[in-house]
Amino acid sequence: MTAADLLRAYCAAFAARDVAAIERLFAEDAVCDLPLLDERLVGHAHVVREVATAIRGLADIRVDLGVVTDDGTVAMAEGVFQGELVGHPPAVDGTPPRLDF
């Protein structure tokens, strides 16, 4: 599996809220940078813990990848992530919060 294949599998598992599938994708010495976090995730347990927390706080997750490139070991992608925050009140006008990047 190439790095691009792994990234696609991760995004599909995240959208499906499948923490078990995500857990299988990361090695013990994994390093992961996620756009919505201020810190780098280092180590299997740290990555899985933070991703599981994120998934618990989201509903209606959608990940649409556009351009994906890799060099065999590192992958980068351009895409759209959308989800509804769970447990956060909507705006004053009743509009649900948006979470995208």
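**Entry 1: the hairpin**

Which residue in S4 is the bridge partner of aspartate 70? I looked it up, and the partner is alanine 75. A reminder to myself before I go on: this is a predicted model.

Strand S3 covers residues 58-70 and strand S4 covers residues 75-85. They pair in the antiparallel sense, over nine bridges. The hairpin they make has four residues between the strands. Glycine 72 sits in this hairpin and takes a positive phi near 100 degrees.

I also looked up glutamate 84, which has its place in strand S4. Is glutamate 84 buried or partly exposed? Its relative accessibility is 34%, so I put it down as partly exposed, given that buried means under 20% and exposed means over 50%. I then picked arginine 62 to go with glutamate 84: the two are 22 residues apart in sequence, but their C-alphas are 9.6 Å apart in space.

**Entry 2: the whole chain**

I stepped back to get my bearings. The chain has three helices and five strands. Starting at the N terminus, I read the order as α-α-β-β-α-β-β-β. The chain has 101 residues, and 26% of them count as buried. I was also curious about contacts across the sequence. Taking contacts between residues at least 6 apart in sequence, 42% join residues at least 24 apart.

**Entry 3: helix H1**

H1 runs over residues 3-15. With its 13 residues, H1 reaches 18 Å from first C-alpha to last, close to the 18 Å expected at 1.5 Å a residue. After H1 comes arginine 17, with a positive phi near 60 degrees.

Which residues of H1 are buried? My list reads Ala3, Ala4, Tyr10, Cys11, Ala13 and Phe14. What do the buried residues of H1 pack against? I found H2, H3, S3 and S4.

**Entry 4: rings**

How many aromatic pairs does a search of the whole structure find? It finds three. One is made by tyrosine 10 and phenylalanine 14, a tilted pair with 5.9 Å centre to centre and 40 degrees between the planes. Why are these two about one helical turn apart? Because they are four residues apart in helix H1. Tyrosine 10 and phenylalanine 14 are both buried. Ring pairs also link Tyr10 and Phe14 with Phe26 and Phe81 into a cluster.

**Entry 5: the core**

I went looking for the largest nonpolar core and found 16 residues in it. Those touching the most other members are Tyr10, Phe14, Ile22, Phe26, Val47 and Val51. H1, helix H2 (19-25), H3 and S3 each supply at least two residues of this core. Which element gives the largest share? That is H1, with four residues.

I followed up on valine 51. Leaving out neighbours within four places in sequence, valine 51 is in contact with Tyr10, Phe14, Ile22 and Leu34.

**Entry 6: helix H3**

H3 has 13 residues and reaches 18 Å between its first and last C-alpha, close to the 18 Å expected at 1.5 Å a residue. Its buried residues are His44, His46, Val47, Val48, Val51, Ala52 and Ile55. Among what covers them are H1, H2, strand S1 (31-32), strand S2 (41-42) and S3.

I zoomed in on histidine 44, which lies in helix H3 (residues 44-56). Why does histidine 44 count as buried? Because its relative accessibility is 12%, and the cut-off is under 20%. Setting aside neighbours within four places in sequence, histidine 44 is in contact with Glu23, Phe26, Ala27, Glu28 and Ala30.

**Entry 7: cysteines**

How many disulfides turn up in a search of the whole structure? The answer is zero. Cysteine 11 is in no disulfide, and the nearest cysteine sulfur, that of cysteine 32, is 9.9 Å away. Cysteine 32 is in no disulfide either. Cysteine 11 counts as buried at 11% relative accessibility, and cysteine 32 is buried with a relative accessible area of 10%.

How values were computed
Residues are numbered from 1 along each chain as its sequence is written. This is a predicted model: local features need pLDDT of at least 70, side-chain atom pairs count only at pLDDT 80 or more; totals for chains, interfaces and linings use all residues. Side-chain values use heavy atoms; hydrogens and water are left out. Buried means under 20% relative accessible area, exposed over 50%, partly exposed in between (1.4 Å probe, protein chains only). Contact means heavy atoms within 4.5 Å. Rings of Phe, Tyr and Trp (its six-membered ring) pair if their centres lie within 6.5 Å; planes under 30 degrees apart count as stacked, over 60 as edge-to-face and the rest as tilted. Two strands pair if DSSP finds at least two bridges between them. A nonpolar core is a set of buried Ala, Val, Leu, Ile, Met, Phe, Trp, Tyr and Cys residues joined through side-chain atoms within 4.5 Å. The expected span of a helix is 1.5 Å times one less than its number of residues. A disulfide is a pair of cysteine sulfur atoms within 2.5 Å.
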